[in-house]
Amino acid sequence: MFSRSIAQKVLPRSLTRAFSSEAPSTITLNFSVPYESIYNGASVFQVIIPGVEGEYGVTPNHVPYVAQMKPGVLQILHEEGLSDSEKYFVAGGYALTHEDSVTDVVCPEAVKLDDIDPSAVQSQFEAAKKAFAAADSGTIEQAEAQIDMDVNRAMGVAIGINLS
Amino acid sequence: MATEKQIFNQINSTKNISKITASMKMVSAAKLKGDETRLAAAIPFNAWANKMSSEPKEVEDATFDELPEKTLIVPFTSDKGLCGGVNSFITRATKSIIAQVESQGKTADVVIVGDKGRAQLNRTHASKIVRTATEVVSPGTFALASALASELFAIGAEDYDAIVIVYNSYVNAAVYKQMYKVITPFAIATEDGGSLPSYDFDSDKPESMGDLFEFMLASQIFHSFMDGAASEQSSRMTAMENASKNAAEMIDSLTLQYNRARQARITTELIEIISGASALDE
């Protein structure tokens, strides 16, 4: 009787997984910038992440995955079947998907697409282009101007204006 | 026994000091509110990094056995004083880590953030200090943390087997604890240990591991800095409150002394007048 009760307590973890009928149907999203936690433990259906190697989507039971993000659009689909997703522009950062469908998206800066001012993006791009032309080749100033241009161009693409 | 005049001056200067400490306490209380909010945002921002390396541990009763051969210790202290025991606890923790690590035959170097820590560690462990970062102005931002992380890499942080951040962790307005984090560089590997065998990566390039490590270091520094700033403000608030209370007690006892001295003087004058007058009456 003793050994039976002990055996019942000590099921290996892999077996309990197989017996469980509770597969997560949502992913738990933690989306943070340094000064604010935009989503903490929110249950969403899908997140589309702008990875440097390409966009990819995270759905429940995705394999654990780590990706660097390029400046681009992060799309959050709150429920399955919704036509519209919530879109944020992220300026780089990392996205990590862990086991049990917890996804952390951390970036230094993120802004809702609706909050982006097209004229500001245009003028920032022009300023960056001037700085890029004025900087000497191979210097830090040129690299920073290049990054500035790329991010603003990506922001332009996100809100539908073409900058070059 | 001081004269009446001296006691009077002492009372006045103590009153001035108590005004300063009271106002410093209120300023710290206000700044603490801001620091607590920033810390509340920094904790979820950094939560992933603790999953990737390991959770911060308490310094108290720690043996530091898990530290590898070459460690870079980064203690976070403040530049300004009048903040209670925050800096002494950190330097004491750093000294104990160095002692433990050396007794196990390993080496450790130190990069100090904050002038107070530099002053305290310079006396005994000057040879270990590789770099100091002062005027790291609070409130910190992520840009500041990234700059600190870049500085660490500029002095060769990737040559060390681990980076240990020692900082004060804010528990509540009255309590803070010394904690340390061990951050080891990643290796894309099939080996076990500090690397990340269970994760797939979008890119196999070694630079991407280095980039992730840099970002994680910046994030951890950001969190430790926010935590340390909140602890420092709460400690300063407590220290100034105690100082104001002590000043008030001192003023009370000095006032009693002053009154006694004043009454003694009046009595002496009265006796002189009366004995003078009675001498005339004779």
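At what angle do helix α1 (residues 4-52) of chain B and α5(B) pack, and how far apart are their axes?

1. Before anything else, a word on the model: it is predicted, local features need pLDDT of at least 70, side-chain atom pairs count only at pLDDT 80 or more, and totals for chains, interfaces and linings use all residues. Residues are numbered from 1 along each chain as its sequence is written, chains are lettered from A and ligands numbered from 1 in the order in which they are written, and side-chain values use heavy atoms, with hydrogens and water left out.

2. Back to the opening pair. α1(B) and α5(B) pack at about 160°, and their axes are 5 Å apart (axes are lines fitted to C-alpha atoms over the stretch in contact, and angles run from 0 to 180 degrees between N-to-C directions). The two are therefore roughly antiparallel, a label for angles over 145 degrees. Their crossing is left-handed, that is, the near helix is turned anticlockwise from the far one by less than a right angle (clockwise would be right-handed). The contact (heavy atoms within 4.5 Å) has 30 nonpolar, 15 polar and 11 charged residues. Here Ala, Val, Leu, Ile, Met, Phe, Trp, Tyr, Cys and Pro count as nonpolar, Asp, Glu, Lys and Arg as charged, and the others, Gly among them, as polar.

3. Chain A has a helix pair too: α3 (residues 118-134) and α4 (residues 140-159) pack at about 155°, axes 8 Å apart. Helices here are DSSP runs of H or I with at least four residues, strands are runs of E with at least two, and both are numbered from the N terminus. α3(A) and α4(A) are therefore roughly antiparallel as well, and they cross in a left-handed way. Phe125(A) and Phe132(A) are among the α3(A) residues in the contact, with Met149(A) and Ile159(A) among those from α4(A). By class, the residues of this contact are 10 nonpolar, five polar and three charged.

4. In chain B, α2 (residues 86-103) and α3 (residues 115-125) cross at roughly 35°, with axes that come within 9 Å. This crossing is right-handed. The contact has two nonpolar, eight polar and two charged residues.

5. Now for the open spaces. A pocket is an open set of points on a 1 Å grid over the protein atoms alone, with protein on both sides within 12 Å along at least five of seven lines; lining residues have an atom within 4 Å of a point. The largest pocket has a volume of about 610 Å³, and of its 30 lining residues, the closest to the centre are Lys80(B), Ser138(B), Glu232(B), Gln233(B) and Arg236(B). α5(B) gives the most to that lining, with seven residues.

6. The second largest pocket holds about 370 Å³. Tyr94(A) and Phe215(B) are among the residues closest to its centre. α4(B) supplies the largest share of the lining, five residues.

7. The largest has a volume of about 50 Å³, and its lining includes Tyr94(A) and Phe201(B). Volumes are the space filled by probe spheres set on grid points, which are joined across faces, edges and corners.

Notes. 1 Å grid on protein atoms, 1.4 Å probe; cavity = no way out; pocket = protein on both sides within 12 Å on 5 of 7 lines; lining within 4 Å. Parallel < 35°, antiparallel > 145°, perpendicular 65-115°, else oblique.
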